Amino acid sequence: MADDTPEITAEQPDAPFNTTGTDHITVWGSNEEDTLAFYRDLLGMPLVLRQPNLDDPSQTHLFFDTGDGRMLTFFVSDDRPSAAGQRPQTGAVHHLCFSVDPERFEEMEQAIKDDGRGYNIFDRGIFYSLYTQDNNGLVIEISTDVFDIPDDRKGEVFATAQRLREEDGADFAEREHMRRAIEELGMEVHEYDLPEAASGTGV
């Protein structure tokens with residue numbers, strides 16, 4: 001029987017074309033005030049553009065710079081209150097993830113706590129994450145790197161860690177797989193000092 005497991009590789013697939021990155025993500029938001037309070041005033045994303053939604057001028061289109069020039073945008077309207085939570089279904093967004101400098105991870109945790117928001121922190125092995133919710137109940141993950149890896153080498157490191165995980169028969173990629181992958185690729189290993197946390201995997 002043929003193995004239908006997809007190949008894990010950092011090489012570009014044989015496709016009609018290849019994307020060059022994420023330009024922006026757009027979310028149906030509630031109102032402008034609550035959206036600014038969470039994304040600008042708490043997460044620290046600059047509001048870089050505000051204009052009418054070109055498809056529906058009765059709504060406002062807010063553009064936030066997530067920190068690397070990639071945009072997160074919202075369609076908002078003052079007649080929409082923030083919501084208590086999401087309704088998961090096929091095609092819905094499970095969560096949005098933003099990155100933070102490892103050396104500021106604990107400051108970020110304190111800011112989330114000071115804002116009165118519930119959260120969980122997990123050591124995911126290949127990265128470290130805090131999970132909370134925005135003003136509409138959308139799950140927001142704020143992650144930081146366990147190891148210092150250049151952005152243009154992350155795919156390569158992850159794919160190598162995947163192979164090492166499979167060779168070890170491990171259920172998921174662990175910190176040791178990342179360390180070994182970095183070493184195998186001839187890169188210097190620099191591990192950040194982060195607080196201990198459960199994996200949150202349930203395995």
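What follows is a set of questions on confidence, core, pockets and cavity.

Author: The model is predicted, so local features need pLDDT of at least 70 and side-chain atom pairs count only at pLDDT 80 or more, while totals for chains, interfaces and linings use all residues. Residues are numbered from 1 along each chain as its sequence is written, and side-chain values use heavy atoms, with hydrogens and water left out.

Reader: What average pLDDT does the chain have?

Author: The chain averages 91, and 98% of the residues score at least 70; pLDDT is the predictor's confidence in each residue, from 0 to 100. Helices (H or I, at least four residues) and strands (E, at least two) are DSSP runs, numbered from the N terminus.

Reader: Which residues does I140 touch?

Author: Leaving out residues up to four places away in sequence, I140 touches F38, Y39, L43, L96, F98, L130, Y131, T132, Q133 and D134. Contact here means heavy atoms within 4.5 Å.

Reader: What makes a space a pocket, and what makes it a cavity?

Author: On a 1 Å grid over the protein atoms alone, a pocket is an open set with protein on both sides within 12 Å along at least five of seven lines, a cavity is a set of points where a 1.4 Å probe fits but cannot get out, and lining residues have an atom within 4 Å of a point. The largest pocket is lined by 44 residues, with D68, C97, F98, S99 and V100 nearest its centre. β8 gives the most to that lining, five residues.

Reader: How many nonpolar residues are in the lining of the largest pocket?

Author: There are 22 nonpolar, 11 polar and 11 charged. Ala, Val, Leu, Ile, Met, Phe, Trp, Tyr, Cys and Pro count as nonpolar, Asp, Glu, Lys and Arg as charged, and the others, Gly among them, as polar.

Reader: Which residues line the largest cavity?

Author: I126, D145, V146, F147, I149, K154, F158 and M178 line the largest cavity; by class, six are nonpolar, none polar and two charged.
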